Every structure is written in structure tokens, then in C-alpha cells.
Amino acid sequence: MLSIINVWKGFTHGEFEMSQPPTITQQSPKDYIVDPRENIVIQCEAKGKPPPSFSWTRNGTHFDIDKDSQVTMKPNSGTLVINIMNGGKAEAYEGVYQCTARNERGAAVSNNIMIRPSRSPLWTKEKLEPNHVREGDSLVLHCRPPVGLPPPIIFWMDNAFQRLPQSERVSQGLNGDLYFSNVQPEDTREDYICYARFNHTQTIQQKQPISVKVYSMDSLNDTIAANLSDTDIYGAKPVTERQPVLLTPTGSTSTKVELRGNVLLLECIAAGLPTPVIRWIKEGGELPANRTFFENFKKTLKIIDVSEADSGNYKCIARNTLGSVYHVISVTVKAAPYWITAPRNLVLSPGEDGTLICRANGNPKPSISWLANGVPIAIAPEDPSRKVDGDTIIFSHVQERSSAVYQCNASNEYGYLLANAFVNVLAEPPRILTPANKLYQVIADSPALLDCAYFGSPKPEIEWFKGVKGSILRGNEYVFHDNGTLEIPVAQKNSAGTYTCVARNELGKIQNEVHLEIKDPTMIIKQPEYKVIQRYGHASFECIIKHDSTLLPTVTWLKDNEELPDDERFLVGKDNLTIMNVTDKDDGTYTCVVNTTLDSVSASAVLTVVAAPPTPAIIYARPNPPFDLELTGQLERSITLSWIPGDENNSPITNFIIEYEDALHEPGVWHYQTEVPGTQTTVKLKLSPYVNYSFRVIAVNKIGRSQPSEPSDQYLTKSASPDENPANVQGIGSEPDNLVITWEPLKGFQSNGPGLQYKVSWRQKDVDDEWTSVIVANVSKYIVSGTPTFVPYEIKVQALNDLGYAPEPSEVIGHSGEDLPMVAPGNVQVHVINSTLAKVHWDPVPLKTVRGHLQGYKVYYWKVQSLSRRSRRHVEKKILTFRGNKTFGMLPGLEPYSSYKLNVRVVNGKGEGPASPDKVFNTPEGVPSSPSFLKITNPTLDSLTLEWGSPTHPNGVLTSYTLKFQPINNTHELGPLVEIRIPANESSLILKNLNYSTRYKFYFNAQTSVGSGSQITEEAVTIMDEAGILRPAVGAGKAMASRQVDIATQGWFIGLMCAVALLILILLIVCFIRRNKGGKYPVKEKEDAHADPEIQPMKEDDGTFGEYSDAEDHKPLKKGSRTPSDRTVKKEDSDDSLVDYGEGVNGQFNEDGSFIGQYSGKKEKEPAEGNESSEAPSPVNAMNSFV
């Protein structure tokens, strides 16, 4: 019966649909604390056939979820989702929930799930008095955290959120209080803060800070002395040592009850001076090893996973130099129910017997009660095949109606256990789950396990046969397992073959065949050997293996059981490991591991690196050439070449290169043959027939290559038929009625003999034709004529010589010649996306009409005329090619407001097919280009004449022009912007009532119905009046002009600036002369007579001139205008500040560094004489004014 149940588990997940009572697969915990801010999810998942339906009870009564809009059940599941985040309250759903999963075979129930929302209440308000403690006394700071669900985690911190240090003297108890065995002056502080962290809601609550003031004996003595007369006797007693007293627990004895499997925590905290030390013992026994831990400086005894054997008396002893005190804690370990034998599912056949056993233990002993399909068995429907006997239900002669789910409840005062177990009565013929014809491969002399997983009710009998007509297997050489598996303990070569498994019961019979192959074991026939190598030498380990020819081995090398270092000095060959230039760190054990899919073998050897003897100064050079080449082991297709290495000249030889000469076909030409590591002086070379070989060897080290050795003796191999056929065979037609077959001819030594020729064969593919063959000379092409157009052919080319044919060649597919496509694409449609882009669609042509390899489609399109000008021009067709079998494409770069035509053609390797009918489409209007020119002529005192040309590309029907202009006054500021709309048919305009001798900037663009085009700009100046006096500029704008004009180029301005510069230079010279003499200027005396309280002379220690101040200094200082004492120029005063250009501080530069932004919103800096700076004219500042 157990095997039926085990196999039943496979059926419930397999392809067979068997009826099954419900089984609870997932449920929420019994005590389920939920976050009141989030939705409540109560899990209940179950499986069964047919799928079960679900229902719930709440607090023992039916819970109708359809009547509560906040509660939903997940589809195909019993999981409830209670929507708290959308207005629900978690407290309203507190209670005990139970889920029932039911189908036609029975009903399974979940545990009782207690739903409780977590709580993180605030600390109650309380007035905390400061703690005044004498040095050496004990102290307890009470935390008393709010009662939360679940209980909070307590910790003590200060105002800086740093944990308070704890020690044997100061520590936190299990109840959260902070205990001081004795206080010290350093314990004085006002920020002892108890924190409670509620993990479930991720919140932390803080208690009000507690203040502790410790009075030392010295401070008490000083206080007493200040209040007593000299004749009084005063002086507090020094800190008095005290023997231990327990702070917690109180008294000499206490009791503790803990549940089996939990963690037992016992605590003793003592006061005393010196600080007491705590020790724990168990009266009449030992503390359990491996489960006992001491925490909190041994004040807490922790025993994990407690059992009834841990009950007893535990004594804590607190001791210091003055004495000791103890406390005895009597521990009783109770137990919630736990399983001894949980009931297991039963799968029975009609008429069979079975039992459900439910055994549990606990302290006190739990009571056992049974339910059937969630109903107490006493009131459940009667079943004559069922008998309840305490913790066992006995079933006799069951019938299909006996199927049900039974619940066993084991409970005592500390908890309960609830288990579901179904009884499923089935009548099923045998079925075999192991795949048919499954192949098993094992290594010879190893066990072979052949599976025959089965199911049936009643339980089928299993028999095994070998071969088609073999007899039933019996005897000691086989082991028959209850799950149907056949075991051959020692599989030999003769164990291979086909095995048949037969399963039968009274309802039927079924059989299945599996196959067994026996493989040869993998062996290392030459193992790596122990090596002692001098430093910087070479070490080589061999690992030659023998394995079954059908298995693919992988060889891995390890160093000290780890991967080889990632170092290019480690060279892994097919059957060896070479370490170049070994160092001390290469010492170790090297292991060769050989793995196949069936077995693994390994072998190890040790490498010892020793120091090399001292050597004179080393001269490095290329190696000398090898010598004494010898050919041995001559065979038709191989030969062994050996040599003696030349002197390596202090640089180890890394490898040898072997070259050969074919004196028969290419005399005097040496070819690369192979290369081997520098530790190898013999190599077996593969040879080709009909070649007259000579060999030579070249040695290589880090310096370079040696000269080639002297050639070996010649060796002529016998002729043979070719080993290989030509490569790169292709069939491509050059004309519609031919097939050109090409190939790469064999090289001379590949011919293997004289008389090289090729047999060329072809036949039409997918047609029942015979091969057509010709034999041609040593050429590389053959043309087959008279073929149909573009049909596939099977082609093969075989080499042959005077001794025979090469192996049968592989076939390739080619095609006869292509012809132009016959049909144009149809249903061409154009979708205009915008004024410059269109999308064209077409239907693909039938592949048969392509008559070649479809390469794609070409779209020809051209502009017919502009819709605005109605003028034709030379038609320039454009072509876009779309690769592959595409049926649409995008046409970019179209001109707006134009008429276009297009057609589509299919393309193959031969060329283009016929064009589709021309398709006409129009592009919509766009914005125009800028006007072709803008000229400003006839300047007068108050007018300018503007002339312009229409846009080169109007891109539609012009609707108007827009002219914007603004004046630029003599301070390079832009005035107000004026905008004028001009009809589209105008080409000139006279602007009147302008200012005299004023520069204007003009912006001009054109518009269509779509919008405005790009603008063109110009500048012009009205002329001066007769008196030559400039009229005031109009406009209050504050943007700077881009051109430096007018005032800076006027003669009177240049003269004025020269005079000012000369005057400043004279003043500087006089200033230096007077300063050197230490005198004062009269200006200074005048300044003293008219002192301004806001102006203070600069001191010499500031690095400025305290003796002289410019007359301008008598003006109030402009904010931020004074130069710092370190003579640096502030950003707001710098003549070169970029803040004064462009758009505020956002001025930009071109890639070449030139400044962008012709105008800005800031007033330009005044010339030097207009600077309002009130700083003293030191030489540095004076020179800055000239720059």
C-alpha cells in the first residue's frame, strides 16, 4: 500500500487525471499578526481532482464574503484579500478564521487562523523626576514600554541616537529596564532615553529623557565644608564597598514555566561594589552542552530548544570580594502537542483494509478527536467500513463511497495540532509512468537501476524479463524493489540489452521496455609523477587516459584541489600539463581529473621547487638550431621525428616548430606542419600519400627563433586514392538556361596520387531524376546547359585519381540561372504622413514569378511639379531599395506642397521586374524658407526703404510677410520691438517716422497657412540731421547690442579718452613720488576738512594707500564696488565678467570659443572714465582701467 501512495504522488502531478480528495497545500500561520495599514491576506490554497471549492468561517460561524464589499477571494483559490487600504479598518476583521476546501471526494479544513492587527501605542504621559544618586549606590532606570502587539524591542540611547555603552556594571534587563550595579561620576547625564521599536509597523516610540546626577564624595565634602565652621568636624565617608544584593529577581526563589522547543531565558542582575560577577549552575545536573549560552555579561542564561529533560532548579550566584548572594529558579517545561505519528493519506482499492493513525504527545497529554470532512465524526454520516478506536481509525472492506478527508485534532491547554488525511478508494488498471524505451548507461562492474514506476488499484504485481522472449528474471543477481525498480548490483558486459517490465492486477496488464548499455570504465594509464624542479625551470606532468569510445572525456587540472592560477605560464595540453618558469608559489599538489557523463577518475603528483645554483652574468640569445634529426616508425600515413635541442642560450625553449618540404610537387618550398612544447623532442607526424617529405625543426624562446635545422632524410609515401573532396562546391547559373558548378581544387599533396580528376554529378531537386555525371580534368568549373530557369539542383563533386575515388561527397543545393521577374507589385498605396514624409505599401509578387532569388523591392519616385508655382522642371528620379520580402517603405526628404509620382519593382539577382502603374500623390503645405534677400536702401533722416525677394522654397501659398524691427541707441541698447504684417504680393516697404541717426535691427520672414518660416535679419542707420547733433534714442529696452558702433569710433570721444589717460598717468607718477617721500597731498587735507562719516581711509596694512584718496571717494560708495584688500577684483566689478554678456549668466560660446548672443538684458559696462568705482586708484586698479 505504501508504494501505491508514493506512486500516487506522481500521478497527482502527471498527465493522468485521477480523482483525488482535497489537500491543503498552503495556509496562513495560526497566530497571524497583520499590519493595520495594509490589506489583510489570509492564505488558503488546496489541490484536488476535481479542483476544490472554498468556504470560510469566522469565529465559528459561516463567513459570507459576498455580503462584504471589502472582502474578495482570489480566483481558483481560497485566499481572502480584505481591502484595508481603501477604507476598511483592520480592527473590524479581528477574529478566528478557518478555511474549508471541498470537492466530490471530501472536504479538508485549515488551522484556526487568529487574525490580530499589530499595535504600536504611544508612551503614556508621565512626569519624570531627576535621579540624584550617591557614587557607588545601585540604580534602576525603569523603561515600562507601552504594551504592543507583538511586544516591542527595547534599547537605550542618548540624544545623539548613540547606544548607551553597557558592561558588567551597567546593563539592560529582559524587561527593558537599565540596571546599574553601582553608579560612577561618569554616569551623570540628562539623556537616558528608552526606545521601543515595533518591527511589524516599522515604528519607534521614545520615552522622555531621564536625568541622572551622581554625587561624588569629593563634591559632597566640598558642600559640607562650605556650610560648617572651622571648628566643626566634617567630611563625608568615602565610597563604601558593599556585598552583592540581587536587583532582579527578588527573594531567594522563583518559578518559571517554558514550552518545549522554545528558548529558555533566566536572568540575575546584582548590585554591589565591586561589581559582582554572575555564575550559573543546575542543581543535581549539568547545563546542557551545545544548547547553553551566556548573554548580557553572563547575567542571562539562555538554553535553546528546551525539552522536558531541562526541567529543574537553576541557581545564579552573584559574588564579589565582600561576599555572595544566590537565587534559585525552579523551571518547569510544559509542551504543546507535537506529533509522534501524523495521519497519512490512504489510497485503497475496493474491498481492501487500511488504518489512519494519529498519535501525539505533550505536557499535559493531549486529547485526540476525529472529524470527517470537517464535521465531528460522531455526527458525520455513518460508514460501515469505518471504526474509530481512540487515536486510530480502522477501515475494513472499503467501497468507493468510503472516500473522505479525515481531520485529527490533538490539543491541550498550550495549543493544538490539526492534520488532514484523505482516504481515496480507487479501482484503476495498471499504468507505468517510466517513459517507454528509456536508455540507461552504466559503467561495467557498477550497479544498474532500471525504473518501472507504476500505479494501479489494487496494487499491481511487477515482473521483469530480459530480451524479446526471455524468461522472468529471478535469482540473487537481481534485486527487486517495491517501487518496481530492477537493480543489477554488478552490471557486466553481458548485462546489456532490452528489459521488459510487466505490471498486472485484476483489472488489466501493461508492459514497458527499457534499454541498458554497459560502458568501459575510464582509466588513467600514465599518471603524473613527482617532480623536483629548479626555480625558473619547466615542469611537465603527463596524464594519459583510456576510455570508452562512445564517451567524451574532459580533462581538468587542479592545483591543491583548486583551479589552476590564471597564468599564461600554465600550458594545458591534450595529455599533459606544462608549467613554464616555475616559481616558489608553484609548489603544491597537481591533480589530473578525468570526467565523463558516467564516471570520474583522478591522479595526483607533487611539485617541489628548489633554488637554482648561483650563475654568472646571464647573456640571453636565440637558441641554437636543433640537430641530429631522425625518422623512425615509418608507416603509410605517419612517421616519428626526433631531434636533439641546441643550446637554449639562457632563455628556455618554449616550443619547437616543425616544417616540411614536398620535393615531388613543390621543391624548395617549406610549409608549416605543427609545433610542440619546448619540453618535447619527439613528435608523431601525420602524412599524406604521394608526397616526398623532408622535415626541419626550428627552436623558439623569448628572444626569438633559431635558424632551421638541417633537413631530415627524405621519405616518399605511397600513392592512395584521395582522402577528401573539393571544398566550397557551389551551383549558380550565369544564364537563364544554365548551371555553373564551381569548386576549390585539391592542392598537389591532397591528390594522394597521380591522375587527379573530378566526378561532377547533378540532378534536379524534388524531381524523380537519376544523377547525371561527368568526369573532368583537374579544373575548377563545369557548366551544365539547357536547364530550366531558376530551379534547385542537387550537386556533388568527387575527387579521384589513378588509384580510385575519394569518399562519397556531401550534396549541396544550387540553382540554375535567374531571369528577370515577370510581374510588377500590385495594389500600390501611398499614405502621406507629413509634408516631407510618405509611406508606400504594395502587395508582394508570387515567388514563382520572381524567377530568381528575391533581393527586395525598389521604389522609384520623382517630383512632377510644385503646386504653388505650377512650373515643371527636369525630372530627377530617386530610388529607394527595401531588402527582403518587405511590403512597405518610408519615403523621406519630400518637398512640401508638391506633386509626386512613384512606381514599385521587384528585384532578383538578374535585375528588376516590370514597374507597377505610376501612383500620383501630393504633399501638403509646409512652412516657407527665409526670403531670398532683404535690402535696405534710401536712408533719410526719418525713413528707410526695405526691398525683399520671395522665398526660394515657398512650400505652399504665401499668406503674408512679418517685419519686426527695433532701434539700437548710442549705448548699444535695444529699444521696443515693432511688428508689421505685409501682404504676400508686396516686395518693398518704406518705413517712416524713424529716429534721426539711429541704428535699427530688422527681422523679416514669410508665412503660409501652416506657419512662419525662418527669418532673415539686417541692420541699417538713418542719417544725421544738418547740425550734426544726434537726437535722443527712443526705447527703454535694456538688452545690449552685438556691434560696438558710434561713440567708440567718434573722433571727439577718442580725444577725450586720451586726455583722461594722460591725466591719470601724471597723477600716478606724482602719487609714487609723494608716497616715497612720506608726505601728504593737499587733496588729503581737503578731504580731512570735509570728512564723510561713511568713508574711512584705507590702512597701509591693508595693502592700499592710506595717504591718498581720489576726489571721487567723497561720493557714497556703490554697493559691492570696493576692491578687496587682497587686490583681487570681484566678479561684479570685473571688466571682463561674462555675466555682463548674453542672456544673464547663460551666455554661450561657439565651438571655436567665440561668444554667442548678440544682445542681452544687462547694460554694458561704461568706459574707464565713466566707472563709478570709488576705490583708491592704486597702480593695479589704474592699469585695470586702461585694459
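Visitor: What links Arg134, Asp137 and Arg242?

Guide: A network of salt bridges links Arg134, Asp137 and Arg242 in this structure. Bear in mind that this is a predicted model.

Visitor: How many salt bridges does the structure hold?

Guide: There are 36 salt bridges in it.

Visitor: What makes the contact of Glu94 and Arg119 a salt bridge?

Guide: Their side chains meet at 3.3 Å, N to O. The cut-off is within 4 Å, so the pair counts as a salt bridge. Glu94 sits in the loop between β8 (80-82) and β9 (95-103), and Arg119 in the loop between β11 (113-117) and β12 (131-134), so the pair ties together parts 25 residues apart in sequence.

Visitor: Why does Glu94 count as partly exposed?

Guide: Its relative accessibility is 29%. Buried would be under 20% and exposed over 50%, so Glu94 falls in between. Arg119, at 38%, is partly exposed because that value also falls in between.

Visitor: Is Asp310 buried or exposed?

Guide: Buried: its 4% relative accessibility is under 20%, so it gets that label.

Visitor: What makes Glu295 and Lys302 a salt bridge?

Guide: Their closest N and O atoms are 3.3 Å apart, so they pass the 4 Å cut-off. Glu295 has a relative accessible area of 34% and Lys302 one of 23%, so both are partly exposed.

Methods. Residues numbered from 1 in each chain as written. Predicted model: local features only at pLDDT ≥ 70, side-chain atom pairs only at ≥ 80, totals over all residues. Heavy atoms only, no water. Helix = DSSP H or I, 4+ residues; strand = E, 2+ residues; numbered from the N terminus. Buried < 20%, exposed > 50% of the residue type's maximum accessible area, 1.4 Å probe, protein only.
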